[in-house]
Amino acid sequence: MLNIKNLQATIDNKHILRGLNLNIKPGEVHAIMGPNGSGKSTLANVLSGKNGYDIKGEIKYNGVSLSKLSTEERAQKGIFLAFQYPLEIPGVNTNTFLKTSLNSVRKAQGEKELDTLTFLKLIKEKASELGIDEKFLSRQLNVGFSGGEKKKNEILQMKLLQPKLSILDETDSGLDIDALRIVADGVNSYKSKENAFLIITHYQRLLDYIKPDYVHVLSNGRIIKTGDADLGVQLEKTGYSNIV
Amino acid sequence: MKQNYDFKIDKIKDLTSEEISLRKKNLDLFYQTGFPNKKDEDWKFSDLNSILSNNFNKIANNDFLPREKEFKIIDEFEHNFISLFNGKLISKDFSYEEKNKILIKNFDYKDNLVLDSKNSLYFLNNALATGGFSLEISKNYKLKKPLVVYNNFSNSLKEKIVNYKNSIILNENSELNLINYINNSSKENFMANILESIKVKKDSSLNNILINNSKCNCYFYKYIKSDLEKNSNFENYLLSSGLKFNKLDIEINLNEENSNSSVFSALNLINKEHQEIKTRINHNAPNCNSYQKVKNVLNDESKGVYQGKIFVKNISQKTDAYQLSKALILNDAAEFDAKPELEIYADDVKCSHGSTSGSIDLNSIHYLKSRGIPEKEAYQMLINGFLCEILEKLSEGKIKNFLKEKLERQINGY
């Protein structure tokens, strides 16, 4: 599904990614761990098509070069990034945003756009699965939401858009235990043979709930070690300094 | 511009010789300066004389009555209405209201509205005004439905100026939601110069909304002088995008204790559109509040101006006055000028002002795009969110939705 070959990314003359290789197949859950400044968020940004990076190397998504696709096209083709810091958008109603987003994706995929009533029924259902109070949906997007509420809102968007590749950028940061469990349940219930996850995290604790097939250690812009779920557990005990 | 004026008082019918001489005097006063230009401090950001010179070959006062009487009634909410064509009161409908509670008639020029303005457009209006209305709401009467004033302008106003005066009085403990609806879609250049006096008496409440329906080549000027009595409330919502030029000049006099006023404005300007909001809030009594929030989005070569003055008299203790202007500038050729002014002579007051201008937040655009929303739509969503915020306080749900939809159309293109 995703094939990254020798990816290099530079921003403001700083080399962040220095030859990253990664292959993700449908149905797999990959975790990327690594110390601060190793390039984890840059990888997420680059995959989402954020401007400002000078990129070399190759990223193929289902055989298509990502560099040819705009941010919105990537989303429409099933790449989803749960932001580390979801943005607050004053004046934009959460429901309006969600409906516009879903219908943009549906339209691009050649599906019929949902009318307001059908949409509201759907979103109500999805929100209740994540324990999100309906009142949030009529508020301004992320404005005044707590850290946990913002992250839950990201997972809600994921479940609504039904992406093929979900990238979770430090979705566990700022979550209390209960919220962490809800978010993890949200991910686990969406996992299937067709879709894949790339989970970026500092800590093992999210991986206690979402079991990865592969754990990669990112350091200085490269993946320096790959293992199974046990690698994460080991890192939690020994820290990065023994590996890096 | 001066050599191209074609202003004739004798085009106006049924004037007494006394009126004619008064109007001539005013026309002479206008001729002394002509249309306001940037040398006048109040017009330094909006040089009307040069704007008109660039867009009009000549300018004459309107002398014929409109033939059209048809216009499209708003069907989104139930309302009373009065309709003006080129300023003249043509029809009215107050079928939702009790009889004898509302007095509506043609403006009587013998009443001679004095607004103490030195502005040359005021003199021009005094010289040439015809039409307009007087509206008076009875004591203790709260209108059941809003009142829409359809300001229709006919398509035959090429290089004409329409001048009229209105008077609105809300007597004690009355209530009115007023929607001034500017309606014209001709491609002809014309100008409207409107003077309005508003009196909000004790315990009364007026919501004053101004909205422009479609893109038009109108050069619009409106001067509102409002006087508020004790415990009264006066809220303004200004949504005039789409006019070629617009200056809304609003004076609010908080003359007695515990009165409140607000001015909210949301404008999305494109091409070479030029709009100015100018306010003067006079806190003439203690314990009054005033609130202003002016938002502008500037595209292309458009220009937005906000001149907001708060004056606090020495006796006006416990004044709470606030003004904020925010502008999003989307093009290097666009311009926004803000001139906040505070003049405070009392010592126990809360007065604050702020002004920001900047470009759109690209991280927010990226966030919306990452959810599959196309770039153009993402921009529209952010602009919409930025401007719609000023409607939050409006409690009338149906009017709020109507205004939101209109605003969206103003943003997304008519």
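Six strands of chain A make up an open sheet of mixed pairing, in the order S6-S9-S10-S3-S11-S12, where two strands pair if DSSP finds at least two bridges between them and strands (E, at least two residues) are DSSP runs numbered from the N terminus, as are helices (H or I, at least four). This is a predicted model, in which local features need pLDDT of at least 70, side-chain atom pairs count only at pLDDT 80 or more, and totals for chains, interfaces and linings use all residues. Residues are numbered from 1 along each chain as its sequence is written, and chains are lettered from A and ligands numbered from 1 in the order in which they are written.

**Sheet of chain A**
- Strand S6 (79–82) and strand S12 (222–227) of chain A are the edge strands, each pairing on one side only.
- S6(A) runs parallel to strand S9 (residues 165–169) of chain A, to which four bridges join it, and Leu165(A) in S9(A) is the bridge partner of Ile79(A).

**Nonpolar core**
- The largest nonpolar core has 174 residues, of which Phe80(A), Ile167(A), Ile199(A) and Leu387(B) touch the most other members.
- Leaving aside neighbours within four places in sequence, Leu387(B) is in contact (C-beta atoms, placed from the backbone, within 7 Å) with residues including Ala266(B), Val297(B) and Ile411(B).

**Contact between the chains**
- Chain B contributes 19 residues to the contact and chain A contributes 20 residues.
- On the side of chain B that touches chain A, helix H4 (362–369) and helix H5 (375–388) of chain B are the elements that give two or more residues, and H5(B) gives the most, with eight residues.

Technical notes
A nonpolar core is a set of buried Ala, Val, Leu, Ile, Met, Phe, Trp, Tyr and Cys residues joined through C-beta atoms within 7 Å. A residue is buried if 20 or more other C-beta atoms lie within 10 Å of its own, exposed if 12 or fewer, and partly exposed in between; C-beta atoms are placed from the backbone. Two residues are in contact if their C-beta atoms, placed from the backbone, lie within 7 Å.
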